[in-house]
Amino acid sequence: MPVTPHTKALVLGSGGASQAVLRVLENLHIAYLVVSRTAGNKAVDYDTLKNTDDLSNYSLIINTTPLGMSPNTDTYPDLAYDQLSPQHYCYDLVYNPENTQFMQRAATQGAHTKNGLDMLRLQAEKSWEIWNQ
Ligand SMILES: NC(=O)c1ccc[n+]([C@@H]2O[C@H](COP(=O)([O-])OP(=O)(O)OC[C@H]3O[C@@H](n4cnc5c(N)ncnc54)[C@H](OP(=O)(O)O)[C@@H]3O)[C@@H](O)[C@H]2O)c1
């Protein structure tokens, strides 16, 4: 596990899974910034992030986009990966392939990485439990 506690997270994507991630971050009292292809009230776009901010300000980076998911395994979020370091924890909700381009690029900088396989299993077990009550 990386250096903790995390106080600021970057959440890539603003779809359904992103909303679940935001809820968890709020419960954990971790501040966050959403990065979206379209800037809005609650999100910045990728170019703005690159031009005005530094990834060193966010120790936790969570990919909730489908970028990297099979069969598009050569795709990845457009980030300044050279700003990552061993202080970062990069979590990919994608679970196929096990080691996505996002994770590989983060790991090259020494960042800690994790894919979405455990999350997939845990949410499946929770769903099973709820529907069998
Ligand atoms: N591990 C798990 O248990 C688990 C659970 C749920 C989902 N997932 C995975 O998480 C991913 C997202 O699922 P979802 O249900 O949230 O999908 P979704 O509702 O379609 O949202 C995906 C979001 O990703 C962004 N996005 C989509 N295409 C993009 C592209 N080409 N470039 C950059 N950003 C893009 C969009 O956000 P913006 O419009 O803001 O850019 C979009 O709203 C999928 O790969 C899914 O398999 C994993």
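Biologist: Which way do Tyr89 and Tyr91 point from β5, and which way do Cys90 and Asp92?

Modeller: Keep in mind that this is a predicted model. Tyr89 and Tyr91 point one way from β5, while Cys90 and Asp92 point the other way. All four are buried.

Biologist: And what does β5 pair with on the β4 side? How many bridges join strand β4 to strand β5?

Modeller: Four bridges, between residues 60-63 of β4 and residues 89-92 of β5. The two strands run parallel. Leu60 has Tyr89 as its bridge partner, and Ile62 has Tyr91.

Biologist: What about β6? Which residue there is the bridge partner of Tyr89?

Modeller: That's His112. β5 and β6 are also paired in the parallel sense, over three bridges.

Biologist: How does the chain cross from β5 to β6?

Modeller: The chain goes through α3, and this β-α-β crossover is right-handed. Helix α3, residues 101-108, packs on the sheet and touches β4, β5 and β6. Its direction makes about 170° with that of β5.

Biologist: Zooming out, what's the strand order in the sheet?

Modeller: The order is β3-β2-β1-β4-β5-β6, an open sheet of six strands with parallel pairing. The edge strands are β3 (43-45) and β6 (112-114), each of which pairs on one side only. On average, neighbouring strands are turned by 25° against each other, ignoring direction.

Biologist: Which strands does helix α1 touch?

Modeller: Helix α1 (residues 16-27) touches β1 (8-12), β2 (31-36) and β4 as it packs on the sheet. The direction of α1 makes about 170° with that of β1.

Biologist: Switching to the ligand. Which of the 21 residues around it come nearest?

Modeller: Gly13, Gly15, Ala17, Ser36 and Gly116. As for helices, α1 and α4 (117-131) each supply at least two residues of the shell.

Biologist: How do the shell residues divide into nonpolar, polar and charged?

Modeller: Nine are nonpolar, eleven are polar and one is charged.

Biologist: Does His29 count as buried or exposed, and why?

Modeller: Exposed, because His29 has 8 C-beta neighbours inside 10 Å, and the cut-off for exposed is 12 or fewer.

Biologist: Last one: where's Asn132?

Modeller: Asn132 is in the segment after α4. With 6 C-beta neighbours inside 10 Å, Asn132 counts as exposed as well.

Biologist: How far apart are Asn132 and Leu12, in sequence and in space?

Modeller: They are 120 residues apart in sequence and 33 Å apart in space, going from C-alpha to C-alpha.

Terms used
Residues numbered from 1 in each chain as written. Predicted model: local features only at pLDDT ≥ 70, side-chain atom pairs only at ≥ 80, totals over all residues. Pairing = 2+ DSSP bridges. Axes fitted to C-alpha atoms, helices over the stretch in contact; angles between N-to-C directions. Contact = placed C-beta atoms within 7 Å. Buried ≥ 20, exposed ≤ 12 C-beta atoms within 10 Å, placed from the backbone. Right-handed = clockwise from strand over helix to strand, strands pointing away. Near = placed C-beta within 6 Å. Nonpolar A, V, L, I, M, F, W, Y, C, P; charged D, E, K, R; others polar.
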